[in-house]
Amino acid sequence: MNAAAYYFVMGMESEASAIARGLRRRDPDLLDRLIEQYQHRLLRYLMYLVGNRELAEDLFQETWIRVLEHGHQYDGKHQFSTWLYAVARNLTVDYLRKKSPVSLDGLMEDEEHAPLEPADRRPLAWEVVAHQEQAERISAALVSIPAEYRETVVLRFQEGLALEEIATVTGARLGTVKSRLYRGLKMLMSRLKGA
């Protein structure tokens, strides 16, 4: 391993260890920094999982409460974001299990859920409008694929997680994650060709 890679890995490990120590101490400043750093990514992830902004916001709040209450369980061996997504996913699965007798892995979206729209809809120029239309087509296509495939695609491409991290978040084997990603992309592409 070269020196730059070594310092990068050691920096990540020390950052994760520092977060783990801070969570064990219930450091409020650390929690504020973590919320600020991850709030947009986490809310976006939850919105793609449940397809409803109000519910995603509720699950977002509950996720941070769990982080505060169970932060001592974070061991610092993985990136904090991986652990955070796992906490959020488990809360979502628990909620969906109570709401209906299916898990996230078996959940299919129905027609009641409208495609998610970007937060800022003000067109500033024709490029922005074209980009927005493309994003809406992708979002609508993404919402139409089964939840387990959508989750994998969102975690990989929207959140930038590695396949191993996705496996940790979802609790699925690496081969299953690869299969879901391949199938999800294939479904997404077929829906985008028809759009």
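1. How many of the 195 residues of the chain count as buried, as a percentage? The share is 38%. The model is a predicted one, and the remarks below should be read with that in mind.

2. Overall fold. The chain holds eight helices and zero strands. Taken in sequence order, the pattern reads α-α-α-α-α-α-α-α. Among contacts in the chain with a separation of 6 or more, 65% come from residues 24 or more positions apart.

3. Helix H1 and Leu23. Helix H1 covers residues 3–25, and Leu23 is part of H1. Leu23 has a relative accessible area of 6% and is therefore buried, the cut-off being under 20%. Once neighbours within four places in sequence are set aside, the contacts of Leu23 are Leu30, Leu34, Val67, Gly71, His72, Tyr74, Phe80 and Trp83. A further C-alpha distance can be given for Leu23: Gln73 is 50 residues away along the chain, and the two C-alpha atoms are separated by 8.7 Å.

4. Helix H4 on its own. H4 runs over residues 80–99, which is 20 residues. From first C-alpha to last, H4 reaches 29 Å, close to the 28 Å expected at 1.5 Å a residue. H4 is mostly covered, with 14 of its 20 residues buried.

5. H2 against H4. Two packed helices are described by the angle between their axes and the distance between the axes. For H2 and H4, the axes come within 11 Å and cross at roughly 40°. That angle makes H2 oblique to H4. The crossing of the pair is right-handed. On the H2 side the contact is made by Leu34, Tyr38, Arg41, Leu42, Tyr45, Leu46, Leu49 and Val50. H4 supplies Phe80, Ser81, Leu84, Tyr85, Ala88, Arg89 and Thr92. Sorted by class, the contact of H2 with H4 has 11 nonpolar, two polar and two charged residues.

6. H2 against H6. H2 spans residues 28–50 and H6 spans residues 147–158; their axes come within 9 Å and cross at roughly 160°. H2 and H6 are therefore roughly antiparallel to each other, since angles over 145 degrees count that way. This crossing is right-handed. From H2, the residues involved are Arg44, Tyr45, Tyr48 and Leu49. They meet Arg150, Glu151, Val154, Leu155 and Gln158 in H6. By class, the contact of H2 with H6 comprises five nonpolar, one polar and three charged residues. Tyr45 and Leu49 of H2 take part here, and both are also listed in the contact with H4.

7. The end of H2. Gly51 sits in the loop between H2 and helix H3, the latter being residues 53–70. With 18% relative accessibility, Gly51 counts as buried, because the limit is 20%. Gly51 and Val143 are 92 residues apart along the chain, yet their C-alpha atoms are separated by 7.6 Å.

8. H6 against H7. The axes of H6 and H7 come within 10 Å and cross at roughly 135°. H6 is thus oblique to H7. The crossing of H6 and H7 is right-handed. H6 contributes Glu151, Thr152, Leu155 and Arg156 to the contact, and H7 contributes Leu163, Ile166, Val169 and Thr170. The residues of this contact of H6 with H7 divide into four nonpolar, two polar and two charged. Glu151 and Leu155 of H6 belong to this contact, and both also meet H2.

9. Helix H7 and what follows. H7 covers residues 163–170, and its buried residues include Glu165, Ile166, Ala167, Val169 and Thr170. Of these, Ile166, Val169 and Thr170 are in the contact with H6. Just after H7 comes Gly171, with a positive phi of about 75°.

10. Helix H8 and Ser179. Ser179 lies in helix H8, residues 174–194. Its relative accessibility is 27%, so Ser179 counts as partly exposed. Ser179 and Thr152 are 27 residues apart in sequence and 9.7 Å apart in space, C-alpha to C-alpha. Thr152 is one of the H6 residues in contact with H7.

Definitions and conventions. Residues numbered from 1 in each chain as written. Predicted model: local features only at pLDDT ≥ 70, side-chain atom pairs only at ≥ 80, totals over all residues. Heavy atoms only, no water. Helix = DSSP H or I, 4+ residues; strand = E, 2+ residues; numbered from the N terminus. Expected span 1.5 Å × (residues − 1). Buried < 20%, exposed > 50% of the residue type's maximum accessible area, 1.4 Å probe, protein only. Axes fitted to C-alpha atoms, helices over the stretch in contact; angles between N-to-C directions. Parallel < 35°, antiparallel > 145°, perpendicular 65-115°, else oblique. Left-handed = near helix turned anticlockwise from the far one by under 90°. Contact = heavy atoms within 4.5 Å. Nonpolar A, V, L, I, M, F, W, Y, C, P; charged D, E, K, R; others polar.
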